Amino acid sequence: MSVLRPLDQLPSLNTAAVLLVGAEDALLQQLAESMIKEDCPSELKVHLANSLPLPSSGNRPRIDLIVFVINLHSKYSLQNVEKSLHHVDATFFLGKVVFLTTGAGREHHCSVHLSTVERLARTYRSPLLFCDLEKEAFRAAMVQRLVRLLLVCAGHVPGVSALNLLSLLCSSDSPTPEDL
Amino acid sequence: METQSEELAAAEAAPADSGEEAGSRPEDCVGLLLRLMSQTKQQLLEYKSMVDANEDKTLEPEEIMQEKQIEAKIEGLENEIEEVKIDFEMKKLALDRMQLSTAFKNYLEKTDIKTSILVGNMKQILKLNKLIMKFQQESWDLEEKLLEVKKKRLELKQASETKFSEIQTEKNKKKNDLDRMEESDTIKTIQQNLQVEIQITTVIQHVFQNLILGSKVNWAENSSLKETVLQLEKNFTMN
């Protein structure tokens with residue numbers, strides 16, 4: 001299958017699967033390990049990929065949340081993510097996609113402008129999260145957020161749906177100077 | 001595409017011990033089952049809504065919409081979502097309030113009204129509310145008075161401004177009239193006549209002077225003659 005669709009399989013009981021897509025393996029690995037260590041009543045499955053489309057090896061559970069990891073220090077990671085976005089079905093963007101940006105702290109090393117990423121997130125109507133994934137404390141906090149997001153997207157939280165959460169997360173959009 | 005390394009880090013962080021001790025702790029088991037039930041309910045809801053959404057999709061033929069239109073449509077839909085959420089929250093609030101009020105009513109019926117602290121609090125609240133309303137009314141009245149004074153002041157200022165402008169116009173008119181009058185012909189003729197009269201009078205003066213001097217009369221002794229001579233010295237000029 002070349003396009004990822006949400007809800008294309010039946011969910012496995014008490015399980016939630018997240019797909020981390022990013023160009024840099026080390027970051028993904030760290031993030032994955034922190035997520036697994038997180039204490040959570042449901043089972044977590046973390047899949048890592050450098051880019052989409054995923055090879056059509058079967059036996060993958062349904063993906064509940066896709067996290068695109070963009071490193072502001074490298075343009076390649078942005079291009080990678082942009083290319084991978086084509087292989088995601090439109091219905092995924094109803095709250096099951098999150099853009100995670102790292103490296104915003106060190107201005108000198110940033111080769112990707114912040115507004116580019118912001119525009120990307122706004123075009124795809126998905127929340128944009130910032131985190132310095134190298135620091136342990138920030139990573140732990142971000143992982144907690146991601147796990148909570150994952151539980152909501154997988155339907156494990158009664159009364160809150162992914163779309164509901166999306167409108168909460170993205171509601172603080174202010175119009176850019178370009179739009180004005 | 002090219003070599004993608006999909007690492008299936010399928011790490012199953014099993015929930016703490018609920019797997020092993022499920023048999024020994026029935027409460028945990030029940031808890032797990034309840035959680036699973038709510039999960040499946042929520043997931044079923046999601047699938048149902050997806051199915052409904054796909055059924056409603058009738059705009060396939062108009063796929064080529066402008067990007068702006070799509071964006072506008074998306075924003076409209078997002079606003080709809082917000083409105084539905086707000087609606088839901090309001091209804092929940094209303095329901096909660098109704099429940100609270102019935103519970104409160106039941107409580108009041110059961111307890112003794114005189115000694116209940118809750119009722120005492122309510123009375124205090126009522127008293128404070130009355131005070132608040134009274135003070136608000138007072139401050140409102142004072143503000144009204146202030147507003148009226150300000151209005152009056154403004155009116156006075158405007159009246160004074162109009163009066164001042166009227167004075168200015170009158171002054172200007174007068175000055176214009178004066179300037180105009182100086183140029184008019186009547187003034188000129190009057191001035192000419194005046195000149196002529198002055199010349200005549202001067203001539204007459206000189207004639208009388210010469211008459212009296214020529215007659216070699218001692219005019220200094222006669223007081224009336226002295227007055228006349230001195231008067232003749234007055235020169236008339238154009239003012």
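Colleague: Why is the pair B:Glu78 and A:Arg125 called a salt bridge?

Modeller: The term asks for a side-chain nitrogen of Lys or Arg within 4 Å of a carboxyl oxygen of Asp or Glu. In B:Glu78 and A:Arg125 the closest N and O atoms are 3.2 Å apart, and this value lies within the 4 Å limit, so the pair is given the name. The model is predicted: local features need pLDDT of at least 70 and side-chain atom pairs count only at pLDDT 80 or more, whereas totals for chains, interfaces and linings use all residues. Residues are numbered from 1 along each chain as its sequence is written, chains are lettered from A and ligands numbered from 1 in the order in which they are written, and side-chain values use heavy atoms, with hydrogens and water left out.

Colleague: Which other pair of side chains meets in a salt bridge with B:Glu46 on one side, and where do its two residues sit?

Modeller: The partner is A:Lys96, with an N to O distance of 3.6 Å. This pair crosses between chains, since A:Lys96 belongs to the loop between helix H2 (75-85) and strand S4 (97-102) of chain A, while B:Glu46 belongs to helix H1 (residues 26-56) of chain B. Helices (H or I, at least four residues) and strands (E, at least two) are DSSP runs, numbered from the N terminus. Both A:Lys96 and B:Glu46 are buried, a word that stands for under 20% relative accessible area, with exposed meaning over 50% and partly exposed the range in between (1.4 Å probe, protein chains only).

Colleague: How many polar contacts accompany the salt bridges between chain A and chain B, and which elements of chain A take part?

Modeller: Across this interface the rule finds 2 salt bridges, and 9 residue pairs are in polar contact, both residues being at pLDDT 80 or more. On the side of chain A that touches chain B, two or more residues each come from helix H1 (25-37), strand S2 (43-49), helix H4 (136-153) and helix H5 (162-169) of chain A. The largest share, 7 residues, is given by S2(A). By residue type, that side of chain A divides into 23 nonpolar, 16 polar and 6 charged. A polar contact here is a pair of N or O atoms within 3.5 Å, one able to donate a hydrogen and the other to accept it, and residues adjacent in sequence count only if both atoms are side-chain atoms. Nonpolar covers Ala, Val, Leu, Ile, Met, Phe, Trp, Tyr, Cys and Pro, charged covers Asp, Glu, Lys and Arg, and the others, Gly among them, are polar.

Colleague: What area do chain A and chain B bury between them, and how many residues does each chain bring to the contact?

Modeller: The buried area, meaning the accessible area (1.4 Å probe) that two parts lose on being put together, summed over both, comes to about 3200 Å², with 51% of it on carbon and sulfur atoms. Chain A brings 45 residues and chain B 31 residues, where contact means heavy atoms within 4.5 Å.

Colleague: Are A:Asp132 and A:Lys135 buried or partly exposed?

Modeller: With relative accessible areas of 22% for A:Asp132 and 44% for A:Lys135, each is classed as partly exposed. Their salt bridge has its closest N and O atoms 3.5 Å apart.

Colleague: What makes A:Asn71 buried, and which residues does A:Asn71 touch?

Modeller: A:Asn71 lies in strand S3 (residues 65-71) of chain A, and its relative accessibility of 10% is why it counts as buried. Not counting residues up to four places away in sequence, A:Asn71 touches A:Glu24, A:Leu27, A:Ser77, A:Thr102, A:Gly103 and A:Val112. A:Val112 is 41 residues apart from A:Asn71 along the chain, with their C-alpha atoms separated by 8.3 Å.

Colleague: What does UniProt place at residues 67-94 of chain B, and what share of that span is helix?

Modeller: The unreviewed entry places a "coiled-coil region" there and at residues 142-184, although such annotations may be inferred rather than shown by experiment, with positions given in the numbering used here and feature names shortened. In the model, residues 67-94 are 100% helix and 0% strand, with end C-alpha atoms 41 Å apart. Chain B as a whole has 5 helices and 0 strands.
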